[in-house]
Amino acid sequence: MSNRVEIFDTTLRDGEQSPGMSMHQHEKIRMARQLERLGVNTIEAGFPIASEQEFEAVRRVAGEIKACRVAALARALPTDIERAAQALEHAEKPTLHTFIASSDIHLKDKLRMTRQQVLEAAHNAVTLAKQLVPPRVEFSAEDATRSDWDFLVALTKVAIEAGADIINLPDTVGYTTPGEIKEMFEYVIGKTKNVPGAERVIFSSHNHNDLGLAVANALAAAAGGARQVECTVSGIGERAGNTSLEEFVMALRVRQDSYPFETDVVTTEIVPSSTLLSKITGMAIPYNKPIVGRNAFAHESGIHQHGVIANARTYEIMTPDSVGLHKSQLVLGKHSGRAGLAKRCEELGYKLSADDLQKLYEKFIDLTAKKKEVYDEDLVMLIVSAYDEEFQAYQLDQVRISGGVPALAYVKVIKGDQPVAETATGDGPVDAAFRAVEKIVNVVGRLEQFEIRATTPGKEALGEAYVTVNFDGKDYRGKGADTDIIVAAVKAYMDAANMYIALKGTMQQGAAAV
Ligand code: KIV
Ligand code: ZN
């Protein structure tokens with residue numbers, strides 16, 4: 001058996017479906033390009049039946065990404081599978097991923113199906129998927145780790161016979177333990193090894209982190225024979241998240257003695273990937289997060305500092321450089337031209353079209369008027385907050401605040417070519433400005449979360465604002481950046497409102513989340 005473990009990245013599907021993590025199409029594409037640089041083998045781009053936007057996002061990622069496989073998720077239903085296959089039409093290396101639950105509790109209380117019916121549905125789903133997307137079909141037995149192992153064996157046989165190339169046995173609810181999952185893989189692989197077609201099949205492990213065991217379980221699954229591991233950048237995902245890509249990959253790298261497996265991941269792209277995801281979603285990376293947290297390589301105690309100065313390996317089991325953590329670089333000033341800007345963007349992994357570069361250049365010049373020195377982080381923030389025009393019903397033009405209690409805000413936006421302005425009062429400047437935005441877009445939201453942080457140290461730093469706003473019972477995230485934090489906050493609120501307007505009415509009942 002090969003010692004290569006394929007990385008199936010589901011940041012854009014399982015990760016994105018967790019509350020408040022939804023991404024615009026252009027953000028998914030941006031993240032997908034970074035995942036390609038990171039060297040994952042498969043990018044699961046989404047669940048196309050969920051909505052028109054989701055379908056389009058998968059279709060665009062599939063058309064753009066060439067180096068990795070692009071996967072689309074579908075329930076074991078013909079409508080889902082046909083839609084996913086359509087979204088993958090232009091993918092160079094498509095994977096159709098279909099799933100059905102296998103545990104008794106899911107069969108009885110969710111699907112209301114017998115085991116025999118599930119076997120038939122799996123057979124039909126994989127057969128159709130293989131007809132529509134011959135290069136690669138993945139079959140997942142949802143809630144595998146709480147399923148009867150002999151039923152898993154039966155389901156796996158059916159899926160292999162119908163043409164599945166990948167058999168995924170997920171720990172959907174984060175319930176299993178390392179010892180148990182290793183045995184489960186050994187059992188199912190052993191019992192299905194003589195099924196015709198089994199020689200081409202790769203077993204896959206997909207773990208959730210409800211007990212904090214997702215990475216440990218993924219490592220154990222690899223020891224038990226899994227040769228694909230499904231993970232997300234920074235471990236984002238349903239509830240407590242999925243297997244964290246960076247932790248799994250670096251555990252293999254650092255502990256080759258215990259886990260002699262290899263991946264194709266370019267580890268120096270780990271920190272840039274995690275940073276980009278954080279800027280896109282607004283999710284702050286906990287300081288103590290392994291590998292990518294701000295303190296992951298910080299040595300506070302005198303004894304540790306002394307040791308690290310003498311020999312970094314006294315307290316470091318891997319180097320910051322090996323995961324792409326470098327000191328923040330001063331990149332550009334106001335005299336840097338378009339060529340300098342383009343070059344730095346390329347070095348950071350962002351290839352921009354002439355149009356996008358022009359837009360970025362204007363923002364950059366604007367920023368240098370307020371801030372003398374522009375750092376890599378500022379540039380990344382400018383790039384990720386550049387808005388996809390097709391989503392942008394309203395563009396912020398101006399914010400003016402008069403102090404006092406109550407505060408008075410004047411907000412002017414551009415809708416199409418038309419300026420629209422409103423004033424509103426509120427408890428403070430942010431409250432007043434948000435109310436003015438609500439008057440403009442004609443919808444009232446409930447602010448669920450509001451964070452402001454500085455992109456870089458220094459008083460003139462760019463302020464990043466992140467909001468979660470509940471419109472019509474659903475949460476939308478928004479982000480904005482500006483040297484004026486009130487303006488950053490209003491941009492973030494507009495961003496969430498624009499997302500709400502763009503997605504309103506496009507979600508299909510019952511298929512929004514898996
Ligand atoms: O957790 C899970 O079971 C899933 C499947 C759809 C693979 O995300
Ligand atoms: Zn999952």
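The buried residues of helix α9 are Ala214, Val215, Asn217, Ala218, Leu219, Ala220, Ala221 and Ala222, where buried denotes under 20% relative accessible area, exposed over 50% and partly exposed in between, with a 1.4 Å probe and protein chains only. The model is predicted, so that local features need pLDDT of at least 70 and side-chain atom pairs count only at pLDDT 80 or more, whereas totals for chains, interfaces and linings use all residues. Residues are numbered from 1 along each chain as its sequence is written, chains are lettered from A and ligands numbered from 1 in the order in which they are written, and side-chain values use heavy atoms, with hydrogens and water left out.

Helix α9 spans residues 214–223 and is mostly covered, eight of its 10 residues being buried; helices (H or I, at least four residues) and strands (E, at least two) are DSSP runs numbered from the N terminus. These buried residues pack against α8 (178–192), β7 (202–206), β8 (228–231) and α10 (245–254), contact meaning heavy atoms within 4.5 Å. Just after α9, Gly225 takes a positive phi of about 120 degrees.

Helix α14 (residues 354–370) and helix α15 (residues 376–385) pack at an angle of about 130 degrees, with their axes 10 Å apart; axes are lines fitted to C-alpha atoms, for helices over the stretch in contact, and angles run from 0 to 180 degrees between N-to-C directions. The two helices are therefore oblique to each other, given that angles under 35 degrees count as roughly parallel, over 145 as roughly antiparallel, 65 to 115 as roughly perpendicular and the rest as oblique. Leu360, Lys363, Phe364 and Leu367 of α14 make the contact with Asp378, Leu382 and Ile383 of α15.

For helix α16 (residues 429–441) and helix α17 (residues 485–503), the axes come within 10 Å and cross at roughly 30 degrees, and α16 and α17 are therefore roughly parallel to each other. Their contact involves residues including Phe434 and Glu438 of α16 and Tyr493 and Met494 of α17.
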